[in-house]
Amino acid sequence: MPEKKAHILITDDEKAIRNTLQEILEYENYEVSTVESGQLALDFVADTDIDLMFLDIKMQGMDGLETLKKLRETGHEFPVIMISGHGTIEIAVEATKMGAYDFLEKPPDLNRLLISVRNALSQQNLAKEYKQIKKKLPKVQEIIGESKAISKIKTLIEKVAPTQSRVLITGENGTGKELVAKWIHEKSPRSTGPFVEVNCAAIPSDLLESELFGHEKGAFTGASEQRIGKFEQADGGSLFLDEIGDMSLEAQAKVLRALQENKVTRVGGNESISVDVRILAATNKDLEEEIEEGNFREDLFHRISVIPIKVPPLRERKEDIPLIAKACLNNLKEKDISFSSISFSDDALKALKEKEWSGNVRELQNAVERLGILASGDEITKETVNDVIKTRDLQAGDLGKLADETEDFQDFKETAERIFLVKQLEKNDWNISQTAEQIGIQRSHMYNKMKKYNIER
């Protein structure tokens with residue numbers, strides 16, 4: 001397919017200049033159009049895409065500088081080369097300030113003219129490519145919050161991101177561990193490389209090895225073609241192993257080997273493939289506890305947790321809840337025009353701070369959407385918050401009712417777990433060791449659960 005010719009518009013009220021420039025540029029294989037006034041130039045570019053414009057400064061009616069100003073005001077970003085038979089330094093400076101790419105005097109020197117055209121078009125192409133790449137890149141959401149806990153996280157990200165160190169991000173479900181990983185990548189020297197995610201809990205253990213390392217055609221039943229694994233896809237970038245605490249011991253051993261050797265072997269293959277990958281891992285589990293129970297390899301733990309970052313739950317940064325709620329509402333407004341006029345009252349934001357958010361930011365996001373839909377009028381009031389978001393009675397409860405009221409599975413599971421633990425502690429007169437033994441978990445695990453769910457006698 002032949003390369004598309006660059007389209008150049010010549011705007012000059014002198015026919016001889018238009019014809020001369022057109023002849024030169026068409027000889028250089030450019031597509032050329034001509035007009036004799038600034039207004040005609042504005043009309044032309046309103047209907048036709050061009051890559052570059054030659055624009056005379058002294059013209060009858062609208063002059064070149066006024067035309068250039070209107071071009072920029074209407075959003076046209078193509079390069080403009082100004083030409084004039086009465087050039088002065090002052091005019092050249094003014095044109096440059098207004099966004100002109102270059103300034104040539106009449107009659108223009110042929111070599112200088114062609115060099116200016118090539119450079120301008122080259123810069124324009126680079127700008128277009130950059131915009132296309134930027135559109136494809138996902139926008140990383142801001143980490144919302146001004147609390148001490150979240151400020152500490154932001155400071156850690158700034159320190160850790162420029163290094164090559166592996167990072168283990170811990171925290172409850174819904175706290176934003178993935179967002180922390182994305183910002184570490186975004187602020188790292190690897191930001192131009194890929195950010196590849198693997199949810200270790202969502203992939204069956206017998207398929208995880210193929211997902212991570214890839215496979216060769218015919219390696220197993222159903223392997224109809226070669227597959228590139230996540231390690232290879234992340235080469236030169238970052239690999240985010242989410243929920244790494246749910247990875248099988250067999251997969252852990254192979255990940256450990258890949259980290260030690262910086263090489264992977266596809267399932268069914270013999271070739272060792274070198275990879276340059278920074279590992280960012282996350283879990284909602286206590287991996288040291290998992291090591292004690294034989295569920296996680298200690299050597300892998302030390303490999304992935306060079307820099308540990310603990311993301312705090314909402315109950316430890318309640319002062320951030322109004323900021324997060326408003327940010328969630330603004331995100332909804334960008335996506336759905338029906339939310340455009342909705343806002344929070346001050347009392348509503350205070351009421352949100354008083355609620356329990358066991359599902360953390362994720363639960364709060366869902367709640368804000370419900371509030372926006374169910375609000376009476378354009379304002380979310382304290383009454384709306386209290387009507388829509390019921391404070392759960394976690395000391396007792398009907399799981400069926402809880403299931404009706406809870407939309408997020410993880411939120412339901414954790415709420416049910418808290419109810420169970422409180423009930424068992426009450427049965428054992430709050431004897432923690434006895435309760436842990438009775439329900440079949442270690443005492444240290446019981447303490448961690450009580451801390452996680454803020455359970456106190």
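The predicted model contains an open sheet of five strands, paired in parallel in the order 2-1-3-4-5. Strand 2 (31–35) and strand 5 (102–105) form its edges, each pairing on one side only. On average, neighbouring strands of this sheet are turned by 20° against each other, direction ignored.

**Sheet and its packing**
- Strand 1 (residues 7–11) runs parallel to strand 2, and five bridges join the two.
- Within this pairing, histidine 7 stands opposite glutamate 31 of strand 2.
- Helix 3 (residues 64–73) packs on the sheet, where it touches strand 3 (52–56) and strand 4 (80–84).
- The direction of helix 3 makes about 170° with that of strand 4.

**Helix 13 and helix 14**
- Two packed helices are described by the angle between their axes and the distance between the axes.
- For helix 13 (residues 321–335) and helix 14 (residues 346–354), the axes come within 9 Å and cross at roughly 115°.
- The crossing of helix 13 and helix 14 is right-handed.
- Helix 13 contributes Ile321, Pro322, Ala325 and Lys326 to the contact, and these meet Leu349, Leu352 and Lys353 of helix 14.
- By class, the contact of helix 13 with helix 14 comprises five nonpolar and two charged residues, with no polar ones.

**Cysteines**
- A disulfide is a covalent bond between the sulfur atoms of two cysteines.
- The structure holds zero disulfides.
- Cysteine 200 counts as buried because its relative accessibility is 3%, under the 20% cut-off.
- Cysteine 328 is likewise buried, with a relative accessible area of 9%.

Conventions: Residues numbered from 1 in each chain as written. Predicted model: local features only at pLDDT ≥ 70, side-chain atom pairs only at ≥ 80, totals over all residues. Heavy atoms only, no water. Pairing = 2+ DSSP bridges. Helix = DSSP H or I, 4+ residues; strand = E, 2+ residues; numbered from the N terminus. Axes fitted to C-alpha atoms, helices over the stretch in contact; angles between N-to-C directions. Contact = heavy atoms within 4.5 Å. Disulfide = S-S within 2.5 Å. Buried < 20%, exposed > 50% of the residue type's maximum accessible area, 1.4 Å probe, protein only. Left-handed = near helix turned anticlockwise from the far one by under 90°. Nonpolar A, V, L, I, M, F, W, Y, C, P; charged D, E, K, R; others polar.
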